[in-house]
Amino acid sequence: MKFAFLVLFSLSAFAISAAPEVSTTHADNTITQSDTGSADSGNTVAHSGLSHTSHSRVGLHGMVLFTDGEALFASHLPLYYSPHDYQLVYEVESLHNDALIEFLTSNHAGASFHKNTVTLLPAQFDLNKLVDGESFSVATQFFKGHFERGGSKWLHDDAFVFKKQRFKRHLAKQYKPSNEDSGYIEINTSQQWDKIALENAHLFIHHIAERPSFDALVIAKGCESVETGKNADAVPSAQALEAQFTHCDSHNLVYFETQDFAQ
């Protein structure tokens, strides 16, 4: 009987020590864990198969919403570390499409782009679904303004749809190295942009580089490139950034973030 009790006690201790580790990161209370299925709240429409099951990115992933006047797009708010280490732009759809597009395109008496900002916070899901280009729906809360910086709750959609991936870029190791970071990869710190075609314009997406850097999205018509200049600041002001698009027929700075990528 004493031997049986010792065996049971040892097995119980092993089960406790083997439980999956759960950790929280960043102000959005992101949860990461090894069990990708237990916290996935998205309702998959088209499944392409996860290729990152050993590196779960389950958590709360904030995004900024923008429009070209025709369709809605969401851009993931990235950070330099997992589970947020991807720049991602998706074409999306909501039951509030008309109200969202109207707000995003309204003039607000000539106010800056900050007055038109709409961010969203979907229910917890694995960001690898977006990395892998899946289409799925998830309950989502919309905010007027930045949800982490004084934004106010607005609309709610129980089945917000991620329709189509339009852009993907990994941010791994793109930050200033520490003494222990032997895996640091040196990159070109000059400003770089990607361009994707929308219905009647182009979306220019800034490549987030090592600190200090910035995240920026610009919708422009009538131009093929960005006039960055050889001596452009690593982190320009919003006014200096917009000046790089004055050669375009029209341009709209829809998102600009520096705080998360500062020194």
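Is cysteine 248 buried or exposed, and at what relative accessibility? Please place this residue in its structural context.

Author: In this predicted model, cysteine 248 counts as buried, at 8% relative accessibility. The cut-off applied here is under 20% relative accessible area, so a residue at 8% falls within the buried class. Cysteine 248 is joined to cysteine 223 by a disulfide, with an S to S distance of 2.0 Å. A disulfide is a covalent bond between the sulfur atoms of two cysteines. The count for the model comes to 1 disulfide. The link between cysteine 223 and cysteine 248 is right-handed, with 85° about the S-S bond. This pair connects distant parts of the chain, 25 residues apart. Cysteine 223 lies in the loop between strand S14 (215–221) and helix H4 (238–243), whereas cysteine 248 lies in the loop between H4 and strand S15 (250–257). Cysteine 223 is buried as well, having a relative accessible area of 5%.

S14 and S15 run in the antiparallel sense and share 7 bridges. Alanine 220 is positioned opposite histidine 251 in S15. Both strands belong to an open sheet of 4 strands, ordered S12-S13-S14-S15, with antiparallel pairing. S15 and strand S12 (193–197) stand at the edges; each has a single partner strand, so one side of each lacks a neighbour in the sheet. From one strand to the next, the twist averages 20°.

Methods:
Residues are numbered from 1 along each chain as its sequence is written. This is a predicted model: local features need pLDDT of at least 70, side-chain atom pairs count only at pLDDT 80 or more; totals for chains, interfaces and linings use all residues. Side-chain values use heavy atoms; hydrogens and water are left out. A disulfide is a pair of cysteine sulfur atoms within 2.5 Å. Helices (H or I, at least four residues) and strands (E, at least two) are DSSP runs, numbered from the N terminus. Buried means under 20% relative accessible area, exposed over 50%, partly exposed in between (1.4 Å probe, protein chains only). Two strands pair if DSSP finds at least two bridges between them. Axes are lines fitted to C-alpha atoms, for helices over the stretch in contact, and angles run from 0 to 180 degrees between N-to-C directions.
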